[in-house]
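Open the model in a viewer and keep the selection tool at hand. The stops below take in a DNA strand and then a pocket.

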Number of protein chains: 2
Amino acid sequence: MADHDDVRTRTDDVRTRILDAAEKLFYERGIQAVGMDELRTAAGVSLKRLYGTFPAKHDLVEAYLRRRDEHWRASLAAYVDAHSGTPGAAPLAVFDWLETWFAAPDFRGCAFINAYGELGATSEGVGRVTREHKLALRTYLADLVRPLAATASDEAAGPGGVTTVLAGQLALLIDGAITAAAVTGDPAAARTARAAAEALVRGVGGGRTGV
Amino acid sequence: MADHDDVRTRTDDVRTRILDAAEKLFYERGIQAVGMDELRTAAGVSLKRLYGTFPAKHDLVEAYLRRRDEHWRASLAAYVDAHSGTPGAAPLAVFDWLETWFAAPDFRGCAFINAYGELGATSEGVGRVTREHKLALRTYLADLVRPLAATASDEAAGPGGVTTVLAGQLALLIDGAITAAAVTGDPAAARTARAAAEALVRGVGGGRTGV
DNA sequence: TAGTGTAGAGAACGATCGTTCTCTTGGGAA
DNA sequence: TTCCCAAGAGAACGATCGTTCTCTACACTA
């Protein structure tokens with residue numbers, strides 16, 4: 001039993017160290033710009049162990065994106081949970097979180113959009129993970145705006161419903177803000193997006209709910 | 001004189017053929033995925049002429065992005081000019097143009113965002129051209145929404161003015177729609193963005209102009 | 001203690017990249 | 001016709017990539 005635990009933690013530790021190094025280097029400089037040898041050095045792992053854990057580079061890339069998706073969404077959700085007193089504040093808290101992210105010194109845009117622009121045409125796996133990430137974000141946003149729908153019957157309205165439409169619009173603002181902040185380096189894109197989101201949310205909460 | 005014309009047209013033709021091939025291949029498959037040799041074959045140009053016209057690959061990449069910026073914005077402006085009867089229709093025509101672009105079979109997202117995700121961390125030139133492209137788009141959008149500002153005095157209000165803010169918001173929707181359409185493959189992102197833009201524009205044109 | 005197997009270090013391999021060089025060919029000037 | 005230069009075709013070069021293989025050293029078992 002103790003042996004198994006040791007092996008397990010040792011294995012997990014190696015996997016984590018590799019993914020940590022991959023996340024830092026891939027996100028910072030791009031995927032194709034980072035070689036497996038540099039990655040091995042950064043992770044402090046032998047080349048044999050590296051290839052034993054991830055049989056090929058594209059497996060590592062996919063694992064990197066999947067773990068980043070989990071962490072990114074968990075971090076967002078934790079912030080929103082902590083900063084949304086009223087239901088109306090929740091969707092706007094998303095943009096406050098974005099601003100803190102944009103201001104981080106290592107911010108370099110959306111890891112998924114970057115990876116998609118780099119490898120989306122070649123690697124099917126990158127396209128799939130990126131799609132799943134964006135869809136999960138939209139689903140999360142729909143959960144946030146659902147309480148704001150004027151009529152409770154809208155909750156099950158489906159694709160044409162107010163919640164789905166508004167969630168889609170907020171998702172566009174988020175992606176736009178991320179790319180704008182990455183290109184210009186100015187975190188203020190989050191506030192611009194927040195102001196737009198406020199107007200869109202107000203349009204739903206008010207009397208005029210027609211779409 | 002005739003000689004000079006011949007040389008000039010011949011030279012321009014070579015340059016154009018190279019840029020045509022570069023645009024097709026770089027946009028379709030990514031920049032790093034296309035080698036200079038394949039590019040030479042596609043352009044029907046000798047390797048010597050290729051390097052005589054563009055001393056290095058990054059020069060060709062930058063020229064590709066610059067020409068694409070010109071063509072892209074010219075195509076957008078032509079469509080908006082032709083489809084904006086009233087001043088209020090002009091900003092929305094932008095999103096109609098986006099939808100036709102998204103539906104094109106070779107659509108693969110924003111060439112600049114793709115290039116930035118791939119080389120932005122390495123190449124300063126790519127970052128610069130991308131920044132200029134996005135700034136030019138914002139300036140164009142500001143020109144489109146300026147007539148909608150409720151008070152004429154806002155025209156010279158500067159960064160905090162209604163036109164600048166609204167133009168920035170529309171730019172976020174545009175970038176978001178482009179990436180969403182690229183990732184999901186669904187041109188409907190343009191309509192979602194258009195609906196959001198409509199709401200934002202209405203907020204300015206109506207009585208409530210406070211920001 | 002002798003034997004065994006596992007893992008680390010890094011050399012090696014084949015492919016491919018951006019770039020340069022060589023060889024050849026063809027057309028215009030004297 | 002003879003010379004010469006420009007240009008095309010593609011071989012060659014050095015670097016680097018992802019991936020595999022070899023060699024060594026060490027820990028554990030009988």
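**Stop 1: DNA strand C**

Select A:Ser46: one of its polar side-chain atoms sits 2.9 Å from a phosphate oxygen of DNA strand C, a polar contact being a pair of N or O atoms within 3.5 Å. This is a predicted model, in which local features need pLDDT of at least 70 and side-chain atom pairs count only at pLDDT 80 or more, while totals for chains, interfaces and linings use all residues. Residues are numbered from 1 along each chain as its sequence is written, chains are lettered from A and ligands numbered from 1 in the order in which they are written, and side-chain values use heavy atoms, with hydrogens and water left out.

Next, select A:Lys48, where a side-chain N or O atom is 3.0 Å from a base oxygen of DNA strand C.

**Stop 2**

Which residues lie nearest the centre of the second largest pocket? Select A:Arg138, A:Gly168, B:Thr184, B:Asp186 and B:Thr192, out of 24 lining residues. Helices α7 (124–145) and α8 (162–184) of chain A, with α8 (162–184) and α9 (189–205) of chain B, each give two or more residues to the lining; helices are DSSP runs (H or I, at least four residues), numbered from the N terminus.

How values were computed
A polar contact is a pair of N or O atoms within 3.5 Å; within protein, one must be able to donate a hydrogen and the other to accept it, and residues adjacent in sequence count only if both atoms are side-chain atoms. On a 1 Å grid over the protein atoms alone, a cavity is a set of points where a 1.4 Å probe fits but cannot get out, and a pocket is an open set with protein on both sides within 12 Å along at least five of seven lines; lining residues have an atom within 4 Å of a point.
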